[in-house]
Each structure stands twice: as structure tokens, then as C-alpha cells.
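Let's walk through this fold by way of its nonpolar packing and its aromatic rings.

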Amino acid sequence: MLGVLLFLLGWLAGLGPAPADTLPLRATRALPPVVAPSDTLVRILPCPGAPARGRVAVVLLVGNRVTRERTLRAELNIREGDTLDLAELPARLEANRRRLFNLQLFHTVLVQASCQGNGQLVVLFVVQERLYTFPVPIFSIADRNFRSWLDRPDRWRRLDYGLHLVRNNFRGRNEQLTANLQLGFNPKYEVFYEAPGLGRTRRVGVGGGFSFSQSRSVDFRTFDDRLQAYRPADAYAIQRLYASGGLRLRHTVQFLTALDASYHREQILDSVNLDNPNYFLGRTAREFLDFSLISTFNRRNTFAYPLTGQFAQGLLAHRVFLNPGLPALTTLRLVYDRYFSLGHRFYYAFGLNGQMRLTRALAYADARALGNDALVRGYDAYVVDGRHYGLVQQGLSYRLFNASEIHLAGIKNPKINTIPLVAYLNLFADAGYVVAPGAPSGNQLPNRLLRSAGLGLHLVTYYDRVFTLEYTLNGLGQTGYFFRSTFPI
């Protein structure tokens, strides 16, 4: 299947200046939101008789009513007084425009440069802000995915409800404040705060949060490659509490590092320990400290649905248990994604994802590998536990249409009256492998190559939302339709 996709890729590979006083008037117009930025959002007004280089006289930011100007200027590498090569100016402006757009604070970012004589440049960035406060009702299934929920005999009791409140761009500084009040099958109470950059240069930030959750059911073991749940009659099967805090270091706009420390306390019922003594390695409660270092290198053209660029992330985490006799756990995870534009509305993406866990004894609760965040598409009904895993994903996409200006009649607010919509047809193939020494004989997928291929329809719309509908054939010969709400690679 991978060879077929590579063959298709090989086959496809053959194939007058405005016056300065008019700029503020242009900036006040309502700007339609977009999905993927393009070069048409960069405008260079001609400079007759100008030299090969120009000096930036002024950089203007318009439209940021909530967002502080200092927050935006910290993202730019263009300053007043800089001398720029005019031949390289379009690429320089586009790079800066994308930096602002990828803050995910704006529907649209436009940039325009014009001359004021003697090679003096005026650079104008025009932004259209999003809505930043989102009170979202919670009504969701209490399972990994929709397929897993359908397989439960008590599915209609496994529902959660409540309120999820997000305040993006808090204080106009690109900070995020999140609170969850969730009731129902899995009560949860959470509050989180993220400040990716503080101070004048915005190179150091902080993050932290608190979470307490309970569940009336716990997946206490895996049999026949499916989770088996234990649900007591009148008690919570598991309770979790954790508090975290850490630093965010912005080496460059594209290179970020997060340092975090967190305290965790988890407790299960005696019955869970009796049914699976390996769940917490013979204990009904455990406490531990997690220390993690995550570095992210992000040079994708846009974060919602990337079409070009690359993404790399490395995680090193160390867990120290406060319970005597429990061995420490070290986790190493690496992710690399690459995106290519093939021309003629075709795009190709591939992703590599791998993880290693180092410990003398691995509890069942810590043995999740494929089937959760990392998934070989088409195996949604299964989980594969183990110490280590590797995953390869690739996809070939064709843009069917780009209806970037669907207007809603009767709504005057420009932040919500235009819905962007882009559709892609996607041909994909995945392969994964889980290393699981001593895997239970009732599970067939560990220590076995997992593979799948399929066809998908991807819809990219408002506020960076991506919806996918896929038809997949997996290595077990099973087919099915799957709906997802995230970009797969």
C-alpha cells in the first residue's frame, strides 16, 4: 500500500501606488476570515526610481483592538530603522505575516508596504481579531472515540455534560485561561493558565493548572485487543488529582521549549486491583512527581491544516514515585512531520511518531501505546499496549474547492458573518508497530505490523476546525467509516 502511494506521487511529479493617507481607510474595512494564507495577502506598492534597498520608516499595526501592540511587535523581525533589500521584501513580509497569523488570534492578517520617497518604507499590518471568549456546553461521550462508545452496552449512561470555558488572548497578551466544570459519568473540575511569553521580548513564559476527576468506570485490562471496563454499582472506580507548573522558553518564534513539574495522586477501588494486580503494580493508590522537557520546532505554513513546511517535537519525561518499591519511569517521544506542495492543487504529507519507555516494571495504567493519541487509522476499535511503538503516516491530498467567503445574511458582525470552507480529498496509508515483551496471549496486535489504507474527505472551516470522514481498510481485512475532528498528520 505504501508503494502504491509513492507510485502515485512519482506520477504526479511529472505533471500605480496609493497615497499614504488612504491606508488607514483601507484598514477599517471588514476583512473576511481565511483558512490558509496565500501570497495575495501581501501587497507591495511600487516605488518608482527607488534604490535597491529601503529603510523602514514606520511599522503600523491596525485592527488590534484587544491584542496589545507589544505582543504583536515581539513576533516581527522588522523594526523601524531596518534597511531591507527590496528584492527580498515580499518574502520577508510574508514570513512576518504568517508569524502573526499563526498566533491563531486573527481571522486574517494582511500586510502592505509603500514608499514615502528616498527609499523610506511604510509597512502596514492589518489584522481582524477573532472572538476570544468561548463558553462551550459539554455534552460528550465518555470513551476514546465514537466507535468505542458504540461498542459499550451501557453507552447511554456514559455521557458527560457541563461547561467548558476558554478565554483566549487573555489581557490582550496571547495568554489562555481555561476552566472545565464537567458532571455526569466522569465529573471533572479543572483550571489552566498559559502565558507563552511575558515581558518586553516575550521570550520567557509560564504555565500551570489544577485538575481533579472521578470516573464511575475504569478500563482495567485489555483482552482480545479491546479495553474491558469495570463499573461498580455505587462508587467511583478511579479518582485522579494533579497540579502542574512550569516555564516556557521561546528561543525563536519557531523554536519553543517547555519545562514542567507536576504532582499526581491516583486511587482505584480494591476490586480493580483484585481483577488486575498489574494496574498499579499491586497497589490501590499511588503518588508521583513528573518532570518533563518538551522542545518544539514548528515551521508549518499554518497550524490548522498545514500544506507546506515541517514540524518536529521531542519529549523527555521522568516519573518518580513517592510510594516505596515502585520503580522510576523514563519516557522518550519523538515526532516529525513534513508537508509538500506538489502543484496543481496536490499536496503530500508524511509523519513519523515513536516512543520508548524505560523502567524495571511497567504498570498497566502506563502501558498505553497505539490506539489513543497515536493511532493507525482503521484500528479505532482496538488498543495496543506495550513499552515502545513506532508509527508512520502519509497522505496525498487534492484540494476540491476553496469557498472562502460563505456569507451569512442578516449577521452584521464581520467576525462571524463569513464562514471559510476548504475541502480536500485525501488518499492515505499508515503503518505501526508496538514492542510489548510478555504481552498477554489474549491480545494479537502487540509485536505485529499494523497497516491500513483509505480515502478521506477533509473539511477545514471556522476557527481552525478540521473535520474528516474516512473509509479505511486495515491489515485485518476490516473496513469501516470513521469521523474525526482533528488533522490526522
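A contact here means heavy atoms within 4.5 Å. This is a predicted model, so local features need pLDDT of at least 70 and side-chain atom pairs count only at pLDDT 80 or more, while totals for chains, interfaces and linings use all residues. Residues are numbered from 1 along each chain as its sequence is written, and side-chain values use heavy atoms, with hydrogens and water left out.

Start at V59: leaving aside residues up to four places away in sequence, V59 touches R73, L76, I78, R79, E80, V123 and F125. V59 also belongs to the largest nonpolar core, which has 23 residues. Such a core is a set of buried Ala, Val, Leu, Ile, Met, Phe, Trp, Tyr and Cys residues joined through side-chain atoms within 4.5 Å; buried means under 20% relative accessible area, exposed over 50%, and partly exposed in between (1.4 Å probe, protein chains only). A second, separate core of 14 residues includes Y382, V384, L445 and L450.

Now the rings. Phe, Tyr and Trp (its six-membered ring) pair if their centres lie within 6.5 Å; planes under 30 degrees apart count as stacked, over 60 as edge-to-face and the rest as tilted. That rule gives 16 aromatic pairs. F192 and Y242 are tilted, at 6.4 Å centre to centre and 35° between the planes. F192 is partly exposed at 22% relative accessible area, and Y242 is partly exposed at 25%.

Why does the pair Y305 and Y424 count as stacked? Because the ring centres are 4.5 Å apart and the planes are at 15°. Both Y305 and Y424 are buried, and together with Y339, Y347 and F487 they form one aromatic cluster.
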